[in-house]
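Welcome! Please take a moment to look over the sequence and the 3D view below, and then we can walk through them together.

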Amino acid sequence: MKVVAKRPESLKDNKFHYCPGCTHGIIHRLVAECLDELSLRESAIGICPVGCAVLAYDYFNCDMLEAAHGRAPAIATGIKRLLPDRTVFTYQGDGDLASIGMGEIIHASLRGEKITVIFVNNAIYGMTGGQMAPTTLLGQVTTTSPYGRKKEWEGYPAKMAELLAQSEGSAYICRTSVHNPANILKTKKAIMKALKIQQAGLGFTMVEILSTCPTNWGLGPLEALEWLEYNMIPYYPLGELKVKEVE
Amino acid sequence: METQILFAGFGGQGVLSMGQFLTYAAMEAGKNVSWVPSYGAEMRGGTANCLVTIADEEISSPITENPVTAVIMNGPSLDKFESKVMPNGILVLNSSMVDRKPHRQDLQVLELPVNQIAEEINNPRGANMILLGAYLQKTGVVEIEKVLEYFEKIFKGKKPSIIENNKEAFMTGVEYARQKW
Amino acid sequence: MEKILMKGNEALAEGAIIAGCKAFFGYPITPSSEIAEYMARKFPKIDGVFVQAESELAAINMVYGGAATGHRVMTASSGPGISLKQEGISFIAEAELPCLIVNVSRGGPGLGGIQPAQSDYFQATRGGGHGDYRLIVLAPSGVQEMMDFAIEGFDLADRYRTPVMIMAEGTLGQMMEPIIVREPVIQFYDKPWATNGCQGREPNIVNTLHLSADYLEERNHHLQKKYDAIASREKRAESYLTEDADLVVVAFGLMARIAKKAVMEARKSGIKVGLIRPITLWPFPDAEISKAAQTTKRFLSVEISMGQMIEDIRLAVAGRVPVDFFGRIGITPNPEEVFRAIMQVAEREGI
């Protein structure tokens, strides 16, 4: 019998706790597949955020740390500087990375830390129950922007990929989405590229991945995928924003 | 035997390094020593001071309210520290920068116009070493011959010309004290 | 052995290097910055890591990551910076990551001043951040001990898998004294828990999240057991002339040396006074205090604060004899002032 699909070795045999229709599971699997295909599982060290992916250490089958809210890039810096031959990645949500951890992410990039950041942007706080994120779109209703996000009150959504692409320390910055199979494959390619650029020691790498939160958006799984496509992508355009090619 | 010497002036007069030099020299001479600077202010061009303790025994407190000796490089420092010197203590004054006489009668006052002398020997940055040389010649806290031996070690890594300039200034102070104090 | 004249901050940094410290992560603040500057000069030459972090929060989290690799790592700061680090210190304590945290302390609250103080005593000895945890807190009293305690601090940190803090008044960081550079045998510990890549073993997890209430309690009991073990083995203090003392002065750090001189002077005036110097602020050497409480008439806590350690002295004395206080903030009391405070108590109480 031929095996056509199996669980990547870089994922543990645990059931995800994520809500039905949430795309975190897909992104976990993509990261794990990339670690497998590049034979990095045994040299990889991952750092989880505070947020929905706080339990990611139960899923990734490599050495893992759990960080304080927003501090994953600083922890990654401490690890990578002492163990430069290991592959270090953080897995962060929008509240973690773009709000409370804004300082850490920008400076990790400016220093050109040779790490890979998987940034899951679903435009809302998931774990705490649907509050406004720094990436919440204008007009989007959340429990802390109940009348819809207004630029006069809450300001503008953060475009992290664009922001970090400005940094000289960034070697690879790409925004992708996982709302359909074609984009899922593109996301995997981007993660592969980011890890390879980290291995080549070219600098800071980040893949921002547009993701869904059906539960807190108040939508069904399929509706959520459509909402992402028609609302998020126009504000958060997909594609590579910065690439230092591996020689 | 324990003696505590306060060095005070404004930032840039070499007050801290004068105290450090004495601390090194006394350590080389086998004494117990400590050097406590005022910190923070010296970086902003304010007043600077440091307290040097030299003792035969182990030093308990490197801090005192009443130093035996105060080496005063400018007027504001005299105003600030004159009352603090231990009764019958020693006041060493840079009379080039201090324009009044001390009020206290119990102190042994040793004056020399350091900046003027430094100009005369064309060594304006050596003012602090002139004062230190005079002070050590007068008090014998560390023997002059020994200090001269330690110069190279204390100024390790510095250019020979800088060491020579400092030595010359130091000896100028020693000579001044021999003749006038 | 040859004596070298060194600043306290530099002696501490050199001690850390002797102890095998491989990385320093910090943010500049007076009066601790010379530690960072020393490491910035030295580490590039000896294959160590120096990172000037963007913030105190980042610095302590770099320590978290660095310590998790199994290497010896440290940070240093002063009051306001140590406050900012508290989040990370709480995580480090629960993750049981050994590391050295140095507080070259100044006076608060708020931005306070840059002059030496001991008013971070509560923060250091009560944990400082959220949750039930302790730090081992060592209080050096001279430049030699700045070096020696850095070496010892790393050993204690590894032995108990716990963060260790050195708390030194600003003066200790800035002053110079001759020291002897010892070359002790450094014991390195196996760290099978380190997250350094899972080649040939199951993955390790460094984590402080325990959503199960039962497991959270179990973790707290585990930590408490460790703190009990530390408390039973590591309390340290120095006693001076306490056997016949009617009045016992208690002071730590450089303040203890200043107080010692005052005690010596008071003895010359015929006052039976002694001194206890806590060396570990946590665990607090309560047995030493308790023993003195059996024979002395009074205690006098001398601190560069408005009175913090006095609470621990009172706990150890357990109401048997009165405990007086003398302290200043922003200014280090000199021996003459402490002498006057001793004489005042002695006269008032007929000692």
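How many helices and strands make up the secondary structure of chain C? There are 12 helices and 15 strands in chain C. Please keep in mind that this is a predicted model.

**The overall form of chain C**

Chain C has a radius of gyration of 21 Å, close to the 20 Å that the globule rule gives for 351 residues, so chain C is as compact as a globular protein of that length. Taken along the principal axes, its C-alpha atoms fill a box of roughly 70 × 50 × 40 Å. Of the 351 residues in chain C, 58% count as buried. Looking at contacts in chain C with a separation of 6 or more, 80% of them come from residues 24 or more positions apart.

**Two domains in chain C**

Chain C splits into domain 1 (3-233) and domain 2 (237-349). The C-alpha centres of these two domains of chain C are 28 Å apart. Where they touch, 27 residues of domain 1 of chain C are in contact with 24 residues of domain 2 of chain C. On the domain 1 side, the elements of chain C that give two or more residues are helix 5 (121-125), strand 6 (136-138), strand 7 (163-169), helix 7 (170-174) and helix 8 (213-233). Helix 5 of chain C gives the most to this side, with four residues.

**Where chain C meets chain A**

Now let us turn to the neighbours. The contact between these two chains takes 34 residues from chain C and 26 residues from chain A. On the side of chain C that touches chain A, at least two residues each are supplied by strand 2 (21-26), strand 3 (49-52), helix 3, helix 4 (79-95) and strand 9 (205-206) of chain C. Which of the elements of chain C gives the largest share of this side? That is helix 3 of chain C, with nine residues.

The two chains also share strand pairing: strand 2 (residues 63-66) of chain A and strand 9 of chain C pair in the parallel sense over two bridges. Within this pairing, A:Leu65 has C:Val206 as its bridge partner.

Helix 4 (residues 102-110) of chain A is another place to look. Its buried residues are A:Glu104, A:Ile105, A:His107, A:Ala108 and A:Ser109. What do the buried residues of helix 4 of chain A pack against? Within chain A, they pack against helix 2 (72-82), helix 3 (94-100), helix 6 (160-165), strand 5 (170-177) and strand 6 (204-210), and they also pack against helix 3 (56-68) of chain C. After helix 4 of chain A comes A:Gly112, which has a positive phi near 65 degrees.

**Where chain B meets chain C**

The contact between chains B and C takes 18 residues from chain B and 21 residues from chain C. On the side of chain B that touches chain C, the elements giving two or more residues are helix 1 (15-28) and strand 2 (32-37) of chain B. Strand 2 of chain B provides the largest share of this side, five residues.

**The touching sides by residue class**

The table below sets out the classes for three of these sides.

| Side | Nonpolar | Polar | Charged |
|---|---|---|---|
| Chain B, touching chain C | nine residues | eight residues | one residue |
| Domain 1 of chain C, touching domain 2 of chain C | 16 residues | nine residues | two residues |

Technical notes. Residues numbered from 1 in each chain as written. Chains lettered and ligands numbered in written order. Contact = placed C-beta atoms within 7 Å. Nonpolar A, V, L, I, M, F, W, Y, C, P; charged D, E, K, R; others polar. Domains from an automatic or database assignment. Buried ≥ 20, exposed ≤ 12 C-beta atoms within 10 Å, placed from the backbone. Pairing = 2+ DSSP bridges. Rg over C-alpha atoms; globule rule 2.2 N^0.38 Å.
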